[in-house]
Structure formats: structure tokens, C-alpha cells
Amino acid sequence: MGLFIAQLLTGLANAGALFMVASGLSLIFGVTRIVNFAHGSFYMLGAFIGYSLLQVLPGMVGFWVAMLLAAIAVGVIGVIVELLVLRPIYRAPELFQLVATFGVILVIQDLALMIWGAEDMLGPRAPGLKGIVRIMGEPVPTYDIALIVITPFVALALWYLITKTRVGILVRAATQDREMVSALGVNQSWLFTGVFFLGAALAGLGGAIQLPKGGADLLMDFNILASIFVVVVIGGMGSLPGAYLAAVLISVLNVFGVTYIPQSTLVLMFVVMAVVLMIKPYGLFGREEVAGEHGQVGEVERPFKPAGLNARLIVAAFLLVLALVPLYGSAFSMVLITDIVIFCLFAASLHFLLGIGGLVSFGHAAFFGGGAYVAALIVTYSDTPMEFALMLAPIGAAMAAVIIGWLCIRLTGVYFAMLTMAFAQLLWSLVYQWGEFTGGDDGLLNIWPSDWLNDTTVYYFLTLIIGVGGILLLRHAAHSPFGYGLRAARDSARQAEAMGIHTKRVQWVAFTFAGAMAGVAGGLFVFSKGSIFPSELEIARSFDALIVVFLGGVKTLSGGVVGGAVLETIKDFLTRFEYWRMTLGLLIIGVVILAPDGIVGSLRKASERLGITKRPEGEV
Amino acid sequence: MKLVKSTMGLIAAVALGLGAVTAVSADSIKIGEINHYKRMAAFANPYKNGITLALEEINAKGGVLGKDLEFIFRDDQGDPGEAVKIAEELMTRDGAVMLAGSILSNVGLALASFAAEKHYIYLASEPLADALVWESGNDYTFRLRTSTYMQAAMLAGAAAKTGAKRWATIAPNYAYGKDAVAAFKKALTAIDPDVEFVTEQWPALFKIDAGAEVQAIERAKPDAIFNVTFGGDLAKFVREGNTRGLFEGREVFSLLSGEPEYLDPLKDEAPVGWTVTGYPWYDFTEGPNKVFVDAYMKRWNERPGIGSLVGYMSAQVVAALIEKAGSTDTEALRKAFADLKVSTPVGEITFRKLDHQATMGAFVGKTAVRDGAGVMVDWVYLDGADYLPSDEEVMKMRGGN
């Protein structure tokens, strides 16, 4: 019994920092509708700044002052980010801002490395709270008790701020209906800035307050990201009590998981999330997203059209250039283009879901990595010929997509995105922790193509044919009756239903189709690299594709492909330099601000302005 | 028409760009070095400094085969796929004669598989995975650093002397942690069949819930603990363990924890009395170890880490290899690697013909706190050659090649 209580208390203490960071994310999303990928970076900054402050502020008072100052400092950084990076792009298409926050992650990573150096920092203990108390004979650190007490106070203070003050009323009103609030004369942009300050400060506080239990290191940002997304989603986006309850639930379950199923702790969190979302699709305290709530921002979207003759000629000429690379290029340029084509196909398959289907998936790597793993596992365990394994990759990925799609498609918007991420993480943790079968993080090795395909040039042509073929197939699907149905479901589910389109079924098929195409890319990938590791299933891989699709332009047909090609090429070039992450981050932010329609969308507009191409008729 | 013209221009530009081949200068021998310089900066930078120092010394003495030796450093972001791409570029475009590098085992394994397929030589300098030279070993991959098995076996030898019977293990839940625990169990039970493993804890890498782990271990009431966690996980584990009194009256054996990269961040909270493998650079009084530490501190103005030593030795190995081969031809290099002997700061090491593992050893000692920093005391250097499985076992694992 004593141990049980002690474990419960450990869980409650762990929930503290998690709740603070997650509530910040929840607030920011609730009001601004921005999925802030950089929230983990704010958390990391809180830890580093808190650490530095603790070097100069001694004693018990100094400790708590440092906590507060760290929170305020990170809040100010949040404001700077909001003013410089996000404010210029509020009118961009929905979710476009997440690309900018991704750029912010990269910049902060390099900045933190420059300022604090590479070595991990162990947080100092809290003065006056270094000891333990014995509860029923079990030792419980006094700092844990402090955290257990403080967290509800922070939660209560937030709750008071949101429910009882005028600012809070405005915040809630903005969460409900942004446009109405601004129509009533509230300065919306300052409201956003204020919420960003609060959210970032909470993340900073979370980072600082966990110092006595841990420390500051450069991997903190990505390490906490998945957990806080899980907490926010289980609690319900925008709900503070939900975030608190979910943080406690996850932390306590984890403590017992450590004791009773130590091998599977990674999986546990995502299983809980998947179960909760299947029973309560909008989290414990979330509300259903009201249709039209975040309706079209910015200008009216143009319908997709098949490419004109000129465009086709350009593409054909470009393909010819690619086909002739073996004649004039080096072996490495073929390897590089192989990589790029594979990535473009992966990005194009996500673009099909996102641009045509309006289904934002945060877990598309599940199908890329899934396809790769299907091929690799088959080769490893059954000596299947490579050609056959390559064909099975998309089938395996499609089967995964059928199941995951069936479970996710009932949700919409950001809940759909989060659930796809949960399932991708579930798959990742399974592969990662089931070492006997999947090789764990040692991966599966020696998955090379058959002899006749093993030559760099031959594999280059194989990739080019399948990759370009896949991309063209995706484009073709967009213009088929099925594609029209999908677009109808995206633009107005109700009208589409009235016309006899089974929207959910169409979306399910699209999800499966996109998954299969990502599986093709995964199959090509594994045979070009000769090995596969769980990193291909990670969140970071899903984000890569997501960033590229937005960067290229969601509302253009070629966005995914162009974005993929551009970003991969730039990355290949930049990684040769010392501070390439910061450069890449600034570049992404720059592109996002200068070209809010994505690369393709903005180029198209520019060429129309210059009169190179014609504006479609009937448009103003 | 305008469009067509500009299109043609664009195509020409693209074609030129794709076909551009950087000129390869022939006046130095180039080694392609791939590592996670950003993602694992605390480990990769000392490593890079070690290589640079060795290269400066080698080239000041006239280089190898009359040419300067040069390493081309490239960042792979810790991504195996990226590493394989860069490896291809280094070998085909930059004119590298062989590959070296990686800290993470998965990147090392990907590079090893790639090297075997493309017939490039790969010197796996830092990755620890046993599979690299055993289950997944191949003709083209050679490993320098003391492997997981060897280090775990060294600790098991010391652990058996304590007489502790009830053991708890805690290790990050990924390949390195699992290998280490398996190797430790195997080596310890071989010496003392009576030992019992009462609990095995597997925190997720860099996501340890230290309080819960400490409670779970305490619950099993072990006599002694074998720890494999490192980095931030180790710091949290040590702190929670100290706070909750887990280590009182218990022997702790801990892999790698004596390495400056892991010990230094703990400062005065470094564990006391743990038996660890590591690198006591501060305690050398004479010999090649001292010479290296002095040269390193003079050149870089900072303390060396284990990475510095491994980097320095990597460059020494490459230089000795090319000298022995007498050319940079891959087949000649591969043959020269068999039983290659290199004199290094830690003494002479040999690349075993049997499994391509170098006999580099490790320092084993007890931790203590001195002047507010963690150090190793009562350490000895154990030769790696004495802590490897029998030749038959190795042959079996390598599948006879």
C-alpha cells in the first residue's frame, strides 16, 4: 500500500511540468489555431534560461525568482516569435503557420548550442527541498511534494484568468469565434500576442521547474513534443482541466507501466490516446469542432485544372533532362536524384491527402516506413525475391492505411491529425521495442536489390520510372471522378453527401491510396539504402513531408513535388556548413513570410503579375 | 515563345547544375568521415578535435606515402539514410579512399552494410554494437572501440568478486542497452552460476521516469545494480536514486559512466563508489597516455574526452593502415587490416583477423568526487583481447566468414 501511494505521488509530481507545457500549447491552439511545433523548443529554452539564472540567484528565494524570470523570459521570446514570424502569415492557409514554427525549432536548436554549448546540464537541486519525507515508510522527495502542491495552483490561477477576468473572457470568445470578436472591436492581433506570451511562458515555466528533477539538454525539444501533443489531445484541444487530467493520467499510468510492463512503456501512452479518442473523439473535455469555425481564411481557392500544353512541355523536357543524367552526371548526382525522387513521391502522396482530400495527417511516415519495413521484413525472413518484396511494400502500407484510416476518418481537422500521429507513433514504438522481430533500433540490414538492379544507373532508372509514374498516377487520380468526389467532400461535406457521395468512404479510400503510394516510396527507399531503421517511422519523418507540402503550396497540384525537390536539394547543400540548421530554419521562415501561398502558389501569382502566364478567366 | 525560350534556358541551367562535378585534388589522401556533429555535439566535437590533432602530427612528419592525410568531415544528422547518401558522395565525388566515423550504432550498421555492398572500407570508430563485427559482420567493416560486450564482460569480472547474488539491471530500452544487459548476464553467470536477476528495468532512451524506476528497483530489494543508462537519463537516475537512498549499501556497476562526457555534467553529484568503465585523463603521470593528454590540452585548451582518444586513435589507425598497405587501393587496404598493429596512447592494439575487432581495452575503476567533480580512482587498464568470447563462438556468430 505504501509503495502504491508513493508511486501515485511520483506520477502526480511528474504531471506538473507536463501539464504546464501542455496547457500552453492548448491555449495557443485554442485561440490562434496554430499548431505550435516550436512548443518543445520553448520548454527547452525555459530549462536553459532557468539553469543560467540559478547560477546567479542563490538561496530559496533566488530559486523561485529564477523560475518566474525564466518563464517571463521565454514568454518574451514567444512574443518575439509571434511578432516577427507568425503575425505576417495569419492570413495564410490554415495550418500553414506550422511550417514557420518548424523553422523556429531549427533556429532555436542552433542558438541554444551556440549559447550553452553541447554538454548536458544537470539542474541544481531546489534549496530547502533537497530531502525526503517518509510516507508509510516509503521515501518521497520533498521537491515532488512541492510540485504536487504547486501544479494545481498554477492550474487554478489559469482557470481564474480564463473564466473570471475580462482578458479571459476575450480569450474564450476568440476561441469560440475569432471573427466575431474582432467585429466587436477587440484588437485581435494583440490578443494573439498576449496568448502567445502566456503559452510560451507556461512552457518556459515547465522547463525551468523540472530542473531539480533533471536538467537541460539539446534533445529536450523533440523528446517532449509527442507527450504534450498526447496530453493536449486526450484532454481536448483548448481545455485546461482536460490538460491537467490528461497529464496526471499519462504520468500516473507511466509510473505503474515502469513497474509492471517495463519493456513496453513507450507504447503505453499512445495506446491510451488511441483508446480515449475512439471512445471520446474530441478528448475528455474537448468540444466538437464547429463547422465553419475556421472556415476559409484568405482568398478564394482556385479549382485544380489539368496542366496546360506549355506546362506539359516543360515537365516533359525536365523529365528528359533527368533521364539523360547518366550520360553527363556523376554517380553521386544519380544517388542524390534517386533520394529526391523517392522523397517527392512520399511528399506527393501526403499532398494528395492534404491538398485534394483536406485531410491533414501528422503521421504519414507510418506508411512510408511501414512500406519499407514490409519489404525489409519479407526479404529478411523469407528470402523473397526483391522485385516481389517491392510490390508487397505498397500492399502492406495500404493494409495498414485501411485499418488506421478506418479508425481515424471519423474525426476531422486537428483531431484527425493528432490521431494519425498517435497511430504512427504506436507503429514506431512497436517496431522500436519489438527487437526480436524487427531488429529494434539496430534495424534490418542487407536489404539490397537483385543483381540486375543493383547498379546505380539501373536503380536510378527504376526509381525514376516508378517514382514519376507514381506522381503522375496521383495527379491523374486528382482529376478522375474519384478525385472530384474527394474534393467535394473536402469543400462541403454536406453538399457532397446530398449529391450522393459517401464522403467518409471516399476519404477512407483516399487515405488508403495515399498510404499505398507512400509505401511505394518506402519500398524504393529501403532498397536504395540497403537497410531500414525505426527512424523512418518517427514523427520527424512525418513532419518532413508535412513541411514540404506546405512549403511547396497546399493549394497547387505540384506543391508536394516541387517543395520536396527544393527542400532536399537545399538541405543537401546546407548540411556541409557548420550552422546549417539555423540557416535552413531562417530560410524556411523567410520563404513562409515572403511566399505565403507556398513556392508554387507564389511563383504562379508572380508570373501572372508579370504577364508571363494568364490569370484564369472570371477571377478578380 | 518567350516561355519556351526561358524554359530552354532553365533546362540548360539545371542540366549544368546536375552535371557539375567538383574537381578532386590529388595532392592528399582523403578519408570520408561521417558523424552526428550536431545531434551529438558533446561527443562528436572532442572526437573531431582528436582526429585533427593526430592529422597535424602525422602530416608534420611527412604524412603517409609522401602525401598529406586529410579527413573530410560531414554531418549526417544522426540519420542512417542520410549517412549512406553522404558515404556515396564522399567515395564517388570527393575522392575519399575509405570511410570512417559514426557514434550511433544504427548509423554504423547502415554504413557497414553499405560498405559491404559497394566494396568500400569502413572503419567504425565509435559505435559499440556487438552486431557490427559479429552477427552483422562483413569483410569490409572494422571496429576500433571497445565493444559493448567487452566492456560489460570487464565489469562482470569485477562484479563477480563482490559476491552479490541478487542483481537488478537498468538499461535504456534499445539495442545498446539490451546487448549490454545480455552480455553482462552471460559473463556474470559464467563466473558465478548462483546469481539471480531479480528485476530488469527498461526506461525509454532519454525519456526516463527516474522516480518510478528507482521505486521499481527498490521494490525488488536487490544486493547490487547493473546500470547502462547514460547522458541525461543517468543524471536523473543518480539524482532520484541518491534522494531516495537506493544506492545505500548496494554495489553499483555502471557501463561508460566514468567517461568524462557522462561524468562531468554530474559535477559534485557524481555517484561515489560505483565501478565503471571510463577514461581517467586527469590521473596519467607518464607514458603515451600522458603525452596524448598534454598535447590535446595544449592544442585545444580543453580536457580530452573518450571521444578525443577514439578520434586520435582513428587517425593513427588510418595512417598505419595506409602505410602498411603501401597504396590506397581498397583490396590492399582490406588485406592490410588483417592483424594490423597500431601503437596508440593506450598501448599497442591489433585488429583481429578473426572478426575485425580491435583489441583496444578500457579503464575500469571506482567513481569518486574530487574538487567538486566526478573522477575515477583505483583504476586499471584492461586489455580488450582478454574479454572476448572464444574464437569458435565468434566464428559461429559471424556465420563462418
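Reader: How many residues has helix 24 of chain A, and what reach from first C-alpha to last is expected of a helix like this?
Author: In this predicted model, helix 24 of chain A runs over residues 559-574, which is 16 residues. The expected span is 1.5 Å times one less than the number of residues, and for helix 24 of chain A that is given as 22 Å. The helix reaches 22 Å, so its span is close to the expected one.

Reader: What makes a residue of helix 24 of chain A count as buried, and which residues do?
Author: A residue is called buried if 20 or more other C-beta atoms lie within 10 Å of its own. In helix 24 of chain A, the buried residues include Gly559(A), Val561(A), Leu567(A) and Glu568(A). Their cover includes helix 14, helix 19 (456-479), helix 23 (539-552) and helix 26 (598-609) of chain A.

Reader: Why is helix 3 of chain B called mostly covered?
Author: Of its 13 residues, 12 are buried, and each of these therefore meets the cut-off of 20 or more other C-beta atoms within 10 Å. Among them are Pro80(B), Lys85(B), Glu88(B) and Met91(B). The cover comes from both chains: it includes helix 14 (331-356) and helix 22 (503-529) of chain A, and strand 1 (28-35), strand 2 (68-75), strand 3 (96-101) and helix 4 (105-118) of chain B. As for its span, helix 3 of chain B (residues 80-92) reaches 18 Å, close to the 18 Å expected.

Reader: How is chain A divided into domains, and what separates their centres?
Author: Domain 1 takes residues 2-31 and 127-279, and domain 2 takes 344-537. Their centres, taken over C-alpha atoms, are 33 Å apart. The contact between them uses 15 residues of domain 1 of chain A and 14 of domain 2 of chain A.

Reader: Which element gives the most to the domain 1 side of chain A, and what classes of residue are found there?
Author: Helix 11 of chain A gives the most, with eight residues. Helix 9 (220-235) and helix 11 (265-279) of chain A each supply at least two. The side of domain 1 that touches domain 2 has 13 nonpolar, two polar and no charged residues.

Reader: How do you know which parts of chain A to read with care?
Author: Chain A has an average pLDDT of 88, and 96% of its residues score at least 70. Over residues 291-297 of chain A, pLDDT stays under 50, and the model has five contacts for them beyond four places in sequence. Where pLDDT is low, predicted coordinates should not be read in detail.

Definitions and conventions:
Residues are numbered from 1 along each chain as its sequence is written. Chains are lettered from A and ligands numbered from 1 in the order in which they are written. This is a predicted model: local features need pLDDT of at least 70, side-chain atom pairs count only at pLDDT 80 or more; totals for chains, interfaces and linings use all residues. Domain bounds come from an automatic or database domain assignment. Two residues are in contact if their C-beta atoms, placed from the backbone, lie within 7 Å. Helices (H or I, at least four residues) and strands (E, at least two) are DSSP runs, numbered from the N terminus. Ala, Val, Leu, Ile, Met, Phe, Trp, Tyr, Cys and Pro count as nonpolar, Asp, Glu, Lys and Arg as charged, and the others, Gly among them, as polar. pLDDT is the predictor's confidence in each residue, from 0 to 100.
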